[in-house]
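Me: I have a structure open and would like to learn how to read it. Can we go through it feature by feature?

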Amino acid sequence: MIKPLLAALGLAVVSASAFAAPEDIVKKSGCLACHQVDKKVVGPSYKEVAAKYKGKKADAQLFDKVRKGGGGVWGPIPMIPHTPQQISDADLKTVITWILAQ
């Protein structure tokens, strides 16, 4: 009786994390220090990013850009690399999907 209960509890914890709201993830991960949904701050707005990549399969490219950082695409200020300790792979994929849907 205890083992199935513990297994279900573990699944509930994993599921809750897997379905975190993108808005909560960007707040928790510090993304909003440089980006906003509808206005440029240090980096482009999420709406600008979505418009630039509209109709393109850019998920992997953006994932790589966040992980490695880079510059020159949106201006002279480079984006710093963001490690899995700062934003997990699953959370990053969730956020990228959300950004591209803006």
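Reply: Start with one residue. At 18% relative accessibility, Cys31 counts as buried, because buried means under 20%. Keep in mind that this is a predicted model.

Me: Is Cys34 buried, exposed or partly exposed?
Reply: Cys34 has 32% relative accessibility, so Cys34 counts as partly exposed.

Me: How many disulfides does a search of the whole structure find?
Reply: The search finds 0 disulfides. The general idea is a distance test: two cysteine sulfur atoms must lie within 2.5 Å. Now take this case. The cysteine sulfur closest to that of Cys31 is in Cys34, 8.8 Å away, which is too far for a bond.

Me: Which helices and strands does the chain have, and in what pattern?
Reply: Count the elements, then read them in order. The chain has 5 helices and 0 strands. Along the sequence the pattern is α-α-α-α-α.

Me: What share of the chain is buried?
Reply: The chain has 102 residues, and buried ones make up 25% of them.

Me: How many aromatic pairs does the structure hold, and how do I read one?
Reply: The structure holds 1 aromatic pair. Look at two values: the distance between ring centres and the angle between planes. Here Tyr46 and Trp98 are 5.5 Å apart, centre to centre, with 70° between the planes. Planes over 60 degrees apart count as edge-to-face, so this pair is edge-to-face.

Me: Which parts of the chain does the pair tie together?
Reply: Find each partner's helix. Tyr46 lies in helix α3, residues 46-52, and Trp98 in helix α5, residues 89-100. The pair therefore ties together parts that are 52 residues apart in sequence.

Me: Are Tyr46 and Trp98 buried or exposed?
Reply: Tyr46 is buried, at 4% relative accessible area. Trp98 counts as buried too, at 16%.

Me: Which residues form a nonpolar patch on the surface?
Reply: Look for nonpolar side chains grouped on the surface. Val41, Val42 and Ile77 form such a patch, with about 240 Å² of accessible area together.

Me: Where is Val41 found, and is Val41 buried or partly exposed?
Reply: Val41 is in the loop between α2 (22-29) and α3. Val41 is partly exposed, with a relative accessible area of 37%.

Terms used
Residues numbered from 1 in each chain as written. Predicted model: local features only at pLDDT ≥ 70, side-chain atom pairs only at ≥ 80, totals over all residues. Heavy atoms only, no water. Phe/Tyr/Trp six-rings, centres within 6.5 Å; stacked < 30°, edge-to-face > 60°. Helix = DSSP H or I, 4+ residues; strand = E, 2+ residues; numbered from the N terminus. Buried < 20%, exposed > 50% of the residue type's maximum accessible area, 1.4 Å probe, protein only. Patch = residues over 30% accessible without salt bridge, like charges linked within 9 Å, V, L, I, M, F, W, Y side chains within 5 Å. Areas by Shrake-Rupley, 256 points an atom, 1.4 Å probe, with all protein chains shown as cover. Salt bridge = Lys/Arg side-chain N within 4 Å of Asp/Glu carboxyl O.
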